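This report describes the architecture of two chains, their secondary structure, their packing and their contact. The sequence and structure are shown first.

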Amino acid sequence: MKDLIEFLSSQLAQRSLWACGVVGFTDGFLSALVLLRRSSLQIGTISCALLPGIALGILLFGLGRWSVLAGAVLAGLLVGLSSLFVSRSARFLHQDAALSVIHSFAFAAGYIVLMRMGLQQKVDDWLFGNIMSMGDTDLWIAYLTGALAILLITAFSRPLIIFLFDSRAAAALGLPSRALSYGIFALIILALVSSLQAVGAFLTLGLLVAPAATMRFFSRRPASLFWGGGLIGASCGILAFLLSFLLRWHLGATMVLLLGLAFLASFALSRLSAAHPRK
Amino acid sequence: MNHARDHICWAHPAPHHCEHRLDVRGITATYPGGICALRDVSFCAHCGQTLALMGPNGAGKSTLLAVLAGLLPPQTGDALWNGRSLAEVRREVAWLPQRSEVDWSFPITVRTLVQMGRYPSLGPWRRPDDHDEYIVQKAIDTLGLTGLEQRCIGELSGGQQQRAFLARALAQEAHILLLDEPYTGLDHPGAETLGELLGSLAREGRLVIASYHDVRTAPRYFDLALLMRTSIVAFGPCARVLTPASLSEAYGLPASASARVP
């Protein structure tokens, strides 16, 4: 315990703790978007495509902070192309199979390219995250993403909810469906990039789905999914930071572990309250 | 109030002289991939009428509804409402999805769903005023959903779910109601209730257009029928349209068998 207090007084620790909270909140907030858009599978594809996307970004722009961002945008394009392929091959293959092949193919290709470039350490960070290595730019990207997400989603909540509920009815009501769909996609890509440094490509998926899924058992309004998801994400992030120091567990993995436990607990509670309804 | 002439405006009742008219002129539509879904479809209907779109699977019923709802731009042809293009009077048209297309696990209450119908008047930011609240409540009451406002849509019965979507269309104050397969999945009493409801909504001055399957019960629920198979086979009052000859043409069966078409 004394170690912990000493550790927490260091600037590095405070910065990392803060980063955990911010990334947890942003991803948790946006997990409602992923849940209501029913695109968890697609996010899985994007997070796997981040690796080849980054490889492409580095090949094109050299190694730097922004090449990671460019890589993530490229990853989004790769996924766009692959979903085109999936829809074209739908006559022969179920979406599950096509997406799985693309996942692992893209991942393998990205891994080979990055290893050939001699970026072992970086690859480890991108795969599993390393919050201590987050630089000022990474932190700023995380803050801006969080602020942008809250601002945009609050300002456009009315059309957004109509669109998320039923995109065809939204189009019939005269909403700009295409702009909304691209906007949602862009926000999710930003969230993936900002949490890549913190928890890595593999574990980001958990952060971008679990918080809202946990809230879902007790939520009757989309707004509570967003804000509740954010709070769950932030508190699991902060708790995971403390736990991972005390127990010497991997930080990103601890975060996702806690989120998974919260999800299971919420499910169990909802079953219990369904079995014993209040009068 | 000039507005009231063009709307069924509950707060400011306007005299209604069956002057509203939908003209569909030569609509041809193609799905991506070049498959022709509609060929040269033309018809005309008035408010106060209920119209059944009938024909075999793949005849283009849902496509025609999608074109009228503005979801699919037609290749040629247009649809006019009182002489103005439907694209200009989007809020006059309400489209109700098929049951299977709705995500019933989505966390929204009946009231929130009905409030969505006010979006064309409110836009993204304007706060709902007393009039908006009045319309929403009246839509809920009209469809017998009073007391269920705070229920999530997944907790309703099939008939209630249907009425919740109809309430959204009423809250929109739309004149034209487009329903994709509204009777699918309803039992006999449910279908009877919906039939009466759609009839009474039409009598209040709306035009109800729905895709429908059952040739025998169509005359009970609808005034007009449009029998189609990519292009129109027959159009007019149900009794005149649903004859063995035109049914066999639409369904591709010998005339003797078509009297028993499902």
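## Basis and overall form of chain A

Helices of at least four residues and strands of at least two are taken as DSSP runs, numbered from the N terminus. The model under discussion is a predicted one.

Chain A contains 13 helices and zero strands. Read from the N terminus on, its elements therefore run α-α-α-α-α-α-α-α-α-α-α-α-α. Its radius of gyration is 19 Å, close to the 19 Å given by the globule rule for 279 residues, so chain A is as compact as a globular protein of that length. The C-alpha trace of chain A spans about 60 × 60 × 35 Å along its principal axes. As for burial, 46% of the 279 residues of chain A count as buried. Of the contacts in chain A between residues at least 6 apart in sequence, 73% join residues at least 24 apart.

## A helix pair in chain A

Two packed helices are described by the angle between their axes and the distance between the axes. For helix H2 (residues 11-36) and helix H7 (residues 136-155) of chain A, the angle is about 35 degrees and the axes are 9 Å apart. H2(A) passes H7(A) in a left-handed crossing.

On the H2(A) side, the contact is formed by A:Ala19, A:Val22, A:Val23, A:Phe25, A:Thr26, A:Phe29 and A:Leu30. H7(A) contributes A:Leu139, A:Ala142, A:Tyr143, A:Thr145, A:Gly146, A:Ala149 and A:Ile150. Sorted by class, this contact of H2(A) with H7(A) has 11 nonpolar, three polar and no charged residues.

## The four-stranded sheet of chain B

Chain B holds an open sheet of four strands in the order E2-E1-E4-E5, with antiparallel pairing. Its edge strands are E2 (35-46) and E5 (84-85) of chain B, each of which pairs on one side only. Strand E1 (residues 21-31) of chain B runs antiparallel to E2(B) and is joined to it by eight bridges. B:Val24 stands opposite B:Phe43 in E2(B).

Helix H2 (residues 61-68) of chain B lies across E1, E2 and strand E4 (76-81) of chain B, and runs at about 65 degrees to E2(B).

## The six-stranded sheet of chain B

An open sheet of six strands in chain B has the order E6-E7-E8-E3-E9-E10, with mixed pairing. Strand E6 (93-96) and strand E10 (231-237) of chain B stand at the edges with a single partner strand each, so one side of each is left without a neighbour in the sheet. On average, neighbouring strands of this sheet are turned by 15 degrees against each other, direction ignored.

E6(B) runs parallel to strand E7 (residues 176-179) of chain B, and four bridges join the two. B:Leu96 stands opposite B:Leu179 in E7(B). H2(B) packs on this sheet as well, touching E3 (50-54), E6, E7, E8 (207-211) and E9 (224-229) of chain B. The direction of H2(B) makes about 145 degrees with that of E8(B).

B:Ala250 is found in helix H10 (residues 244-251) of chain B. Is this residue buried or exposed? B:Ala250 has 23 other C-beta atoms within 10 Å and is therefore buried, the cut-off being 20 or more.

Leaving aside neighbours within four places in sequence, B:Ala250 is in contact with B:Gly55, B:Pro56, B:Leu227, B:Met228, B:Arg229 and B:Val233. B:Ala250 and B:Leu143 are 107 residues apart in sequence and 35 Å apart in space, C-alpha to C-alpha.

## The contact between the chains

The contact takes 17 residues from chain B and 20 residues from chain A. By class, the side of chain B that touches chain A has 13 nonpolar, two polar and two charged residues.

Notes
Residues are numbered from 1 along each chain as its sequence is written. Chains are lettered from A and ligands numbered from 1 in the order in which they are written. This is a predicted model: local features need pLDDT of at least 70, side-chain atom pairs count only at pLDDT 80 or more; totals for chains, interfaces and linings use all residues. Axes are lines fitted to C-alpha atoms, for helices over the stretch in contact, and angles run from 0 to 180 degrees between N-to-C directions. A crossing is left-handed if the near helix is turned anticlockwise from the far one by less than a right angle, and right-handed if clockwise. Two residues are in contact if their C-beta atoms, placed from the backbone, lie within 7 Å. Ala, Val, Leu, Ile, Met, Phe, Trp, Tyr, Cys and Pro count as nonpolar, Asp, Glu, Lys and Arg as charged, and the others, Gly among them, as polar. Two strands pair if DSSP finds at least two bridges between them. A residue is buried if 20 or more other C-beta atoms lie within 10 Å of its own, exposed if 12 or fewer, and partly exposed in between; C-beta atoms are placed from the backbone. The radius of gyration is taken over C-alpha atoms; the globule rule is 2.2 Å times the number of residues to the power 0.38.
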